[in-house]
Amino acid sequence: MYQKVRPAIDGAIAPEQGVTKDGQPLSYNRAPAPDLAPWISRLYVAKVAAPIDYAVQCGLFDDTAFLRIQLAGLWEAETASGRVEAGNAALFFGPQSRRMPIRVTGSFISLGLAFRPGACTALAGPRLSDHLDRLSSTDVVAIPPDRIMAALEPGADPETWLLALEAILRERIREAACRPPDPVSALFEGICYRDPAMSVAKAAAACGVERRKLERVVNRDFGMPPKQVLRRARALDMASYLRGVADRDEADEMALRYYDESHLIHEFTELFGMPPRQFAQTPQPILTLTLESRQARRLEALQRLQPGQARPWQ
């Protein structure tokens, strides 16, 4: 099967929150407060120093909707609706079906939260399939961007920012007075972390529902059909391994989710826009930050890692 190469590093940037054993950038990311756990999967702050005119050409690939706030840096994204440019702004990122090209110029600060599958539905938010691979104002989740920006004190420490975001979402949940997300979505999310090679029929049985209901719930709460969601989860795990932000003890298991090397190369290239070897040999600082945060969430969800515990790649 595929032989991993050492992931490339962008030497022109300086991550302010440390690096992995392989030199890959890290963010400050953590699990949400317990009362918000049904709604939020992860919170993060990423601070990276770079020359004022230096542009990082990278990408994002998220398996859930995000609320992202840019506090520094000029961002450009190639979305399904066309190119979007933003400076300091609060934006709603829909889940992504493939790698979204991103360009960031200068030092940047990004922070935000990842919604759990079903959270947007429960909050009477947007239909995720309409926001797939797109960016929108945070008004789509009934949280005005000005309210978010006003709550983030410039120069505050990362934890203070994340506590402010939690307070905003907690207030939104109270305003909506709605029930937590559909438990079927939570069960399917667990399957994506545990065994993304599982068939849709077996996943439905594991969730205790008929296949037709699983397909309806997943399309609604993930924005894509179950088969596509599982395929994406498999590729994201493999990408995390290639970037050095996965548990190396799982390497063989991740590789065996593909029939052979040809299957891996074809599927990975379709989703990431480049074959695995090129992906590893090309610096991917922004994408690595998102992959690392997802893997930390995944290992905690599978109870292989305790919140706050050192991660295998650190």
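Which residues line the second largest cavity? The lining is made up of S41, D63, T64, P117, E189, C192, Y193, F222, V229, R232, A233 and R294. The model is predicted. It holds 29 salt bridges and four cavities of 30 Å³ or more.

**Second largest cavity**

- The volume of the second largest cavity is about 100 Å³.
- Helices α4 (183-194) and α7 each give at least two residues to its lining.
- By class, this lining has six nonpolar, two polar and four charged residues.
- D63 and R294 belong to the lining, and D63 and R294 are also members of a salt-bridge network.

**Largest cavity**

- The largest cavity has a volume of about 280 Å³.
- Its lining counts 26 residues, and D62, F66, R68, T290 and S293 lie nearest the centre.
- Elements giving two or more residues to this lining are β3 (40-49), β5 (66-79), β8 (100-115) and α11 (285-301).
- Helix α11 supplies the largest share, seven residues.
- The lining of the largest cavity splits into 13 nonpolar, seven polar and six charged residues.

**Salt-bridge network**

- A network of salt bridges links D63, D237, E250, E253, R257, R294, R298 and R304.

**Individual salt bridges**

- Side chains of opposite charge can pair when their charged atoms come close.
- D22 pairs with R6 in a salt bridge, with the closest N and O atoms 3.7 Å apart.
- That pair joins distant parts of the chain: D22 sits in the loop between β1 (14-15) and β2 (28-30), and R6 in the segment before β1, 16 residues apart.
- D22 counts as buried because its relative accessible area is 8%, under the 20% cut-off.
- R6 has a relative accessible area of 59%, so R6 counts as exposed, the cut-off being over 50%.
- R231 and E270 form a salt bridge at 2.7 Å, N to O.
- This pair also links distant parts of the chain: R231 lies in helix α7 (residues 226-242) and E270 in helix α9 (residues 261-272), 39 residues apart.
- R231 is partly exposed, at 21% relative accessible area.
- E270 is partly exposed too, at 38% relative accessibility.
- D221 and R220 meet through their side chains in a salt bridge of 2.8 Å, N to O.
- D221 is buried, with a relative accessible area of 3%, whereas R220 is partly exposed at 36%.

Terms used. Residues numbered from 1 in each chain as written. Predicted model: local features only at pLDDT ≥ 70, side-chain atom pairs only at ≥ 80, totals over all residues. Heavy atoms only, no water. Salt bridge = Lys/Arg side-chain N within 4 Å of Asp/Glu carboxyl O. Helix = DSSP H or I, 4+ residues; strand = E, 2+ residues; numbered from the N terminus. Buried < 20%, exposed > 50% of the residue type's maximum accessible area, 1.4 Å probe, protein only. 1 Å grid on protein atoms, 1.4 Å probe; cavity = no way out; pocket = protein on both sides within 12 Å on 5 of 7 lines; lining within 4 Å. Points joined across faces, edges and corners; volume = space filled by probe spheres on them. Nonpolar A, V, L, I, M, F, W, Y, C, P; charged D, E, K, R; others polar.
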